[in-house]
Amino acid sequence: MMKHWTKRVGSLLTMVALAVAPAMAPVAAAHAGGQQPAALPATGAGFSLTLPATSTAPVAEEDGVQFIGTATVLIRYRGLTILTDPNFLHKGEHVHLGYGLTSKRLTNPAIALEDLPPIDLVVLSHMHEDHFDKRVQEKLDKNIPIVTTPGAAKALKNLGFVRTIGLAHWDRLDVEKGATRVRITSAPGRHGKLGAQALLPSVMGAVYDFGADPAQPDYRMYVTGDTLIHDDLKDIPQRFPGIDLALLHLGGTRILGVFKVTMDAQDGVQLLQIVQPRHAIPIHYNDYDVFKSPLADFAREVKAAGWGDRVTFLAHGERYRFVLRKPLAK
Ligand SMILES: [Zn+2]
Ligand SMILES: [Zn+2]
């Protein structure tokens with residue numbers, strides 16, 4: 001399988017860093033004809049990535065997400081396969097979270113690393129071992145493109161990964177594979193409260209605009225990354241209204257049993273209220289012993305807040321199919 005990936009992604013891949021786009025251009029475009037552009041931070045830089053096309057025709061029925069475990073998700077859209085936050089340790093194995101802290105895995109991934117389908121691209125929210133573990137560091141194809149934070153991109157380079165793309169908040173990457181297009185924009189995430197933040201890696205949320213026109217996407221998805229609730233999250237629905245699906249990193253992770261570093265049940269509902277996605281799926285909720293907020297709490301809070309019919313709960317291995325905004329041409 002590893003050889004197969006290398007062949008697919010390998011030397012055919014080209015990555016072109018484009019010049020920084022004029023600040024505010026996409027925002028201005030989004031408000032064309034409207035009254036007043038909202039006071040948003042300047043947009044980031046634009047990059048592009050061209051992946052080798054494959055000869056097999058995409059299967060529309062496969063478009064969607066498959067939850068593997070922790071924050072590991074397979075995203076499929078029109079023949080493009082993206083893997084997020086690869087964590088393939090097994091039950092009983094430990095991750096190191098820095099400063100001598102370790103945590104035990106309590107679940108198994110739905111698919112073993114060796115059994116993954118061919119992957120075009122990895123999107124990594126941040127460099128913590130429950131998101132990019134030692135087995136992945138050793139065994140993942142070093143030629144696979146990995147989109148992540150600038151800091152994690154540097155760390156991955158040091159580990160031998162040669163095609164890393166570091167995005168600062170609001171930077172965007174336009175991915176092309178044959179006729180398939182997706183734009184990935186880095187969205188702000190904050191792993192700790194101010195003060196504790198300096199001790200934790202920076203985090204990238206991700207907005208995926210699937211389709212030829214990122215301003216009018218066929219489907220818009222947002223993945224939070226490990227984050228607490230913070231003010232910058234309010235910019236996400238302003239910039240990206242009408243998110244079709246949000247994947248929430250929950251778990252209410254507690255370091256030393258005290259400091260909360262990921263959203264718990266109540267935070268998860270607050271995030272839904274801020275971002276207003278049409279639909280949401282919780283992930284990163286029961287895989288490690290530092291995850292302290294059970295999914296049942298989130299289910300209860302969601303119901304109490306009136307969001308019950310907009311949240312889908314996936315067990316490891318289960319899929320959720322995208323219903324695209326406009327039917328695809330044959
Ligand atoms: Zn983390
Ligand atoms: Zn995590």
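The legends below describe close-up views of a predicted model.

**View 1. Strand β3 and its surroundings.** Strand β3 spans residues 64-69, and because five of its six residues are buried, the strand is largely enclosed by the rest of the structure. Strand β3 pairs with strand β4, which covers residues 72-77, and the two are joined in the antiparallel sense over five bridges. One of the residue pairs to look for here involves Gly64, whose bridge partner in β4 is Arg76. Strand β3 also pairs in the antiparallel sense with strand β19, made up of residues 319-321, and this pairing runs over three bridges. In that pairing, Val65 stands opposite Tyr320 of β19.

**View 2. The turn of the hairpin formed by β3 and β4.** Two residues lie between the strands of this hairpin, and Thr70 takes a positive phi near 45 degrees there. As background for reading this angle, most residues other than glycine have a negative phi.

**View 3. Asp85 in the loop between β5 and β6.** Asp85 is placed in the loop that connects β5, residues 80-84, with β6, residues 94-98. Although Asp85 is a residue other than glycine, its phi is positive, with a value near 35 degrees. Is Asp85 buried or exposed? Asp85 counts as buried, because it has 28 C-beta neighbours inside 10 Å, and the cut-off for a buried residue is 20 or more.

**View 4. His284 in the loop between β18 and α7.** This loop, in which His284 lies, runs between strand β18, residues 279-283, and helix α7, residues 295-304. His284 is not a glycine, yet its phi is positive, at about 55 degrees. His284 counts as buried, because 28 C-beta neighbours are found inside 10 Å of it.

View 5. Val95 has its place in strand β6, and it is buried, with 22 other C-beta atoms within 10 Å. Which residues does Val95 touch, when those up to four places away in sequence are not counted? They are Leu89, Thr102, Ser103, Glu129, Asp130, Asp133 and Tyr288.

Terms used. Residues numbered from 1 in each chain as written. Chains lettered and ligands numbered in written order. Predicted model: local features only at pLDDT ≥ 70, side-chain atom pairs only at ≥ 80, totals over all residues. Buried ≥ 20, exposed ≤ 12 C-beta atoms within 10 Å, placed from the backbone. Helix = DSSP H or I, 4+ residues; strand = E, 2+ residues; numbered from the N terminus. Pairing = 2+ DSSP bridges. Contact = placed C-beta atoms within 7 Å.
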